[in-house]
Amino acid sequence: MKTEEDYKAGEVLLIDKPLTWTSFQAVNKLRWSIRQAFGIKKIKVGHAGTLDPLATGLLVICTGKMTKQINTFQGQEKEYTGTFVLGGTTPSYDLETEVNESFPTDHITEDLIHKTTQQFIGLIDQFPPVFSAIKKDGKRLYEFARAGEEVEIKSRQVEITTFEITEIKDLELHFRVVCSKGTYIRSLANDFGKALNSGAHLSSLRRTRIGDFKVEDALTPEVFIANLPSKE
(Lines give C-alpha, C1' and ligand atoms only; values in the text may rest on other atoms or scores of the structure.)
Protein backbone atom coordinates (compact mmCIF):
# COMPACT_ATOMS: atom_id res chain seq x y z
CA MET A 1 0.00 0.00 0.00
CA LYS A 2 1.29 3.48 -0.89
CA THR A 3 2.34 5.76 1.95
CA GLU A 4 2.02 9.50 2.54
CA GLU A 5 5.70 9.82 1.56
CA ASP A 6 5.01 8.01 -1.75
CA TYR A 7 2.28 10.47 -2.73
CA LYS A 8 4.40 13.48 -1.75
CA ALA A 9 7.48 12.16 -3.56
CA GLY A 10 5.26 11.72 -6.60
CA GLU A 11 2.91 9.11 -7.99
CA VAL A 12 1.35 8.71 -11.43
CA LEU A 13 -2.25 7.55 -10.97
CA LEU A 14 -4.20 6.04 -13.87
CA ILE A 15 -7.88 6.81 -13.37
CA ASP A 16 -10.84 5.70 -15.48
CA LYS A 17 -12.98 8.84 -15.42
CA PRO A 18 -16.71 8.17 -15.08
CA LEU A 19 -19.32 9.69 -17.38
CA THR A 20 -20.52 13.22 -16.37
CA TRP A 21 -17.53 13.84 -14.09
CA THR A 22 -15.30 16.77 -15.01
CA SER A 23 -11.55 16.21 -14.92
CA PHE A 24 -11.43 18.92 -12.24
CA GLN A 25 -13.91 16.95 -10.08
CA ALA A 26 -11.78 13.80 -10.41
CA VAL A 27 -8.63 15.65 -9.31
CA ASN A 28 -10.45 17.31 -6.38
CA LYS A 29 -11.97 14.02 -5.23
CA LEU A 30 -8.61 12.23 -5.24
CA ARG A 31 -6.78 15.14 -3.58
CA TRP A 32 -9.40 15.32 -0.80
CA SER A 33 -9.31 11.52 -0.31
CA ILE A 34 -5.50 11.39 -0.09
CA ARG A 35 -5.50 14.25 2.42
CA GLN A 36 -8.19 12.54 4.50
CA ALA A 37 -6.45 9.15 4.40
CA PHE A 38 -3.16 10.49 5.74
CA GLY A 39 -4.42 13.48 7.72
CA ILE A 40 -2.39 15.97 5.70
CA LYS A 41 -3.38 19.56 4.96
CA LYS A 42 -1.83 20.02 1.55
CA ILE A 43 -0.64 17.95 -1.41
CA LYS A 44 -0.19 18.81 -5.05
CA VAL A 45 -2.45 16.87 -7.43
CA GLY A 46 -3.07 17.61 -11.11
CA HIS A 47 -4.16 15.92 -14.34
CA ALA A 48 -2.29 15.56 -17.63
CA GLY A 49 -5.03 16.33 -20.14
CA THR A 50 -8.70 17.20 -19.76
CA LEU A 51 -11.57 14.90 -20.69
CA ASP A 52 -15.01 16.39 -21.38
CA PRO A 53 -17.76 15.46 -18.87
CA LEU A 54 -19.50 13.35 -21.55
CA ALA A 55 -16.29 11.38 -22.22
CA THR A 56 -14.99 8.47 -20.16
CA GLY A 57 -11.61 6.82 -19.94
CA LEU A 58 -8.03 7.47 -19.07
CA LEU A 59 -7.04 10.41 -16.90
CA VAL A 60 -3.37 10.55 -15.93
CA ILE A 61 -3.25 12.17 -12.49
CA CYS A 62 0.04 13.17 -10.88
CA THR A 63 0.76 13.80 -7.21
CA GLY A 64 3.55 15.58 -5.36
CA LYS A 65 6.76 16.09 -7.29
CA MET A 66 5.44 14.16 -10.30
CA THR A 67 3.19 17.15 -11.09
CA LYS A 68 6.31 18.61 -12.72
CA GLN A 69 5.94 15.92 -15.41
CA ILE A 70 2.39 16.92 -16.36
CA ASN A 71 3.44 18.88 -19.47
CA THR A 72 5.47 15.90 -20.68
CA PHE A 73 2.52 13.53 -20.33
CA GLN A 74 0.14 16.06 -21.91
CA GLY A 75 2.27 16.18 -25.03
CA GLN A 76 2.13 12.44 -25.67
CA GLU A 77 0.07 10.68 -28.33
CA LYS A 78 -3.52 9.84 -27.42
CA GLU A 79 -5.94 7.13 -28.55
CA TYR A 80 -9.74 7.35 -28.48
CA THR A 81 -12.68 5.16 -29.39
CA GLY A 82 -16.30 6.25 -29.67
CA THR A 83 -19.26 6.87 -31.95
CA PHE A 84 -20.37 9.51 -34.42
CA VAL A 85 -24.02 9.89 -35.45
CA LEU A 86 -24.62 10.98 -39.04
CA GLY A 87 -27.36 13.27 -40.27
CA GLY A 88 -27.44 15.92 -37.56
CA THR A 89 -25.22 18.55 -35.97
CA THR A 90 -25.25 20.15 -32.52
CA PRO A 91 -23.74 23.52 -31.45
CA SER A 92 -21.32 21.73 -29.09
CA TYR A 93 -20.54 18.99 -31.67
CA ASP A 94 -21.61 16.40 -29.05
CA LEU A 95 -24.63 15.59 -26.86
CA GLU A 96 -24.12 18.50 -24.45
CA THR A 97 -26.51 20.41 -26.72
CA GLU A 98 -29.44 19.20 -28.83
CA VAL A 99 -29.46 18.58 -32.59
CA ASN A 100 -30.10 21.92 -34.28
CA GLU A 101 -29.71 20.99 -37.96
CA SER A 102 -30.49 17.86 -39.97
CA PHE A 103 -28.89 16.74 -43.23
CA PRO A 104 -29.51 14.09 -45.91
CA THR A 105 -27.71 10.76 -45.52
CA ASP A 106 -29.14 8.67 -48.39
CA HIS A 107 -26.05 9.30 -50.54
CA ILE A 108 -23.64 7.98 -47.88
CA THR A 109 -22.26 4.50 -48.56
CA GLU A 110 -19.90 2.38 -46.48
CA ASP A 111 -17.26 2.83 -49.17
CA LEU A 112 -17.62 6.63 -49.03
CA ILE A 113 -17.34 6.57 -45.23
CA HIS A 114 -14.09 4.59 -45.28
CA LYS A 115 -12.61 6.66 -48.13
CA THR A 116 -13.45 9.95 -46.41
CA THR A 117 -11.41 9.03 -43.31
CA GLN A 118 -8.27 9.37 -45.47
CA GLN A 119 -8.84 13.14 -45.75
CA PHE A 120 -8.11 13.45 -42.05
CA ILE A 121 -4.89 11.44 -41.80
CA GLY A 122 -1.69 13.44 -41.21
CA LEU A 123 -1.31 17.12 -40.31
CA ILE A 124 -4.65 18.93 -40.53
CA ASP A 125 -6.01 22.35 -39.58
CA GLN A 126 -8.79 22.07 -37.06
CA PHE A 127 -11.10 24.63 -35.43
CA PRO A 128 -11.75 23.88 -31.74
CA PRO A 129 -15.44 23.73 -30.73
CA VAL A 130 -16.98 26.95 -29.42
CA PHE A 131 -18.06 24.86 -26.41
CA SER A 132 -14.51 24.27 -25.15
CA ALA A 133 -12.30 25.34 -22.25
CA ILE A 134 -9.79 27.19 -24.44
CA LYS A 135 -9.25 30.73 -23.18
CA LYS A 136 -9.74 33.88 -25.26
CA ASP A 137 -9.47 37.35 -23.73
CA GLY A 138 -9.35 35.79 -20.27
CA LYS A 139 -12.59 33.83 -20.67
CA ARG A 140 -13.30 30.21 -21.59
CA LEU A 141 -14.82 29.78 -25.05
CA TYR A 142 -17.81 27.94 -23.58
CA GLU A 143 -18.62 31.05 -21.51
CA PHE A 144 -19.02 33.06 -24.73
CA ALA A 145 -21.01 30.22 -26.32
CA ARG A 146 -23.42 29.83 -23.39
CA ALA A 147 -23.97 33.60 -23.33
CA GLY A 148 -24.82 33.47 -27.03
CA GLU A 149 -21.87 35.71 -27.94
CA GLU A 150 -20.06 35.35 -31.26
CA VAL A 151 -16.33 34.85 -30.95
CA GLU A 152 -13.61 34.39 -33.54
CA ILE A 153 -11.75 31.10 -33.17
CA LYS A 154 -8.45 30.41 -34.88
CA SER A 155 -7.65 27.03 -36.38
CA ARG A 156 -4.81 24.92 -34.99
CA GLN A 157 -2.65 22.33 -36.64
CA VAL A 158 -2.99 18.84 -35.18
CA GLU A 159 -1.87 15.42 -36.34
CA ILE A 160 -4.01 12.32 -36.76
CA THR A 161 -2.00 9.16 -37.37
CA THR A 162 -4.91 6.68 -37.28
CA PHE A 163 -8.57 7.23 -38.11
CA GLU A 164 -10.56 4.09 -38.75
CA ILE A 165 -14.25 3.27 -38.75
CA THR A 166 -14.49 -0.02 -36.87
CA GLU A 167 -18.24 -0.63 -37.23
CA ILE A 168 -21.18 0.91 -39.07
CA LYS A 169 -24.69 0.53 -37.60
CA ASP A 170 -27.13 2.51 -39.74
CA LEU A 171 -26.24 6.15 -38.98
CA GLU A 172 -23.95 5.28 -36.06
CA LEU A 173 -20.24 5.00 -36.82
CA HIS A 174 -17.85 3.40 -34.33
CA PHE A 175 -14.29 4.71 -34.67
CA ARG A 176 -10.73 4.57 -33.37
CA VAL A 177 -8.46 7.60 -33.55
CA VAL A 178 -4.79 8.06 -32.64
CA CYS A 179 -3.81 11.72 -32.53
CA SER A 180 -1.58 14.47 -31.18
CA LYS A 181 -2.13 16.76 -28.22
CA GLY A 182 -4.78 19.40 -28.88
CA THR A 183 -6.96 17.31 -31.20
CA TYR A 184 -10.68 17.70 -30.58
CA ILE A 185 -12.61 14.56 -31.49
CA ARG A 186 -15.82 16.60 -31.38
CA SER A 187 -14.41 18.85 -34.12
CA LEU A 188 -13.36 15.76 -36.08
CA ALA A 189 -16.96 14.50 -35.90
CA ASN A 190 -18.30 17.83 -37.18
CA ASP A 191 -15.69 18.08 -39.97
CA PHE A 192 -16.21 14.45 -40.97
CA GLY A 193 -19.94 15.08 -41.38
CA LYS A 194 -19.21 18.07 -43.62
CA ALA A 195 -16.74 16.03 -45.70
CA LEU A 196 -19.56 13.52 -46.32
CA ASN A 197 -21.79 16.40 -47.55
CA SER A 198 -23.97 15.80 -44.52
CA GLY A 199 -23.66 16.44 -40.80
CA ALA A 200 -22.41 14.48 -37.79
CA HIS A 201 -21.91 14.81 -34.07
CA LEU A 202 -20.09 12.88 -31.37
CA SER A 203 -22.37 10.63 -29.31
CA SER A 204 -19.79 8.81 -27.15
CA LEU A 205 -16.06 9.08 -26.47
CA ARG A 206 -13.57 7.03 -24.48
CA ARG A 207 -9.86 7.77 -24.11
CA THR A 208 -8.03 4.47 -24.18
CA ARG A 209 -4.37 5.53 -24.14
CA ILE A 210 -1.95 8.40 -23.42
CA GLY A 211 1.58 7.54 -24.53
CA ASP A 212 2.32 4.16 -22.92
CA PHE A 213 -0.43 4.51 -20.30
CA LYS A 214 -3.50 2.38 -21.05
CA VAL A 215 -7.03 2.55 -19.68
CA GLU A 216 -6.98 -1.21 -18.99
CA ASP A 217 -4.49 -0.44 -16.21
CA ALA A 218 -6.63 2.36 -14.72
CA LEU A 219 -8.84 2.29 -11.62
CA THR A 220 -12.18 4.00 -11.14
CA PRO A 221 -12.06 6.79 -8.52
CA GLU A 222 -14.15 4.61 -6.19
CA VAL A 223 -11.70 1.68 -6.35
CA PHE A 224 -8.68 3.97 -5.91
CA ILE A 225 -10.25 5.60 -2.83
CA ALA A 226 -11.26 2.20 -1.39
CA ASN A 227 -7.60 1.13 -1.58
CA LEU A 228 -6.37 4.10 0.47
CA PRO A 229 -5.58 3.56 4.17
CA SER A 230 -8.61 3.85 6.43
CA LYS A 231 -8.80 6.85 8.75
CA GLU A 232 -9.91 4.61 11.60
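The legends below describe close-up views of a predicted model.

Local features are given only at pLDDT of at least 70 and side-chain atom pairs only at pLDDT 80 or more, whereas totals for chains, interfaces and linings use all residues. Residues are numbered from 1 along each chain as its sequence is written, and side-chain values use heavy atoms, with hydrogens and water left out.

**View 1. Salt bridge between E4 and K8 in helix α1.** The two side chains meet with an N to O distance of 2.9 Å; a salt bridge is a side-chain nitrogen of Lys or Arg within 4 Å of a carboxyl oxygen of Asp or Glu. Helix α1 spans residues 4-9, and E4 and K8 are four residues apart in it, about one turn. Helices (H or I, at least four residues) and strands (E, at least two) are DSSP runs, numbered from the N terminus. K8 has a relative accessible area of 39% and is partly exposed (buried is under 20%, exposed over 50%, partly exposed in between; 1.4 Å probe, protein chains only).

**View 2. Salt bridge between R209 and E77.** The N to O distance is 3.0 Å. R209 belongs to strand β12 (residues 200-210) and E77 to the loop between α3 (70-74) and β4 (78-86), so the pair ties together parts 132 residues apart in sequence. R209 is buried at 16% relative accessible area, while E77 is partly exposed at 35%.

**View 3. Salt bridge between E79 and R176.** The closest N and O atoms are 2.6 Å apart. The pair links strand β4, which holds E79, to strand β11 (residues 172-179), which holds R176, across 97 residues. E79 counts as buried at 15% relative accessibility, and R176 as partly exposed at 25%.

**View 4. Nonpolar surface patch of L19, L54 and L95.** Together the three residues have about 260 Å² of accessible area (Shrake-Rupley method, 1.4 Å probe, with only the protein chains shown counting as cover). Residues of such a patch have over 30% relative accessible area and no salt bridge, and nonpolar side chains (Val, Leu, Ile, Met, Phe, Trp, Tyr) are joined within 5 Å. L95 sits in the loop between β5 (88-89) and β6 (101-102) and is partly exposed, at 47% relative accessibility.

Key:
Patches are made of residues with over 30% relative accessible area and no salt bridge: like charges are joined within 9 Å, nonpolar side chains (Val, Leu, Ile, Met, Phe, Trp, Tyr) within 5 Å.
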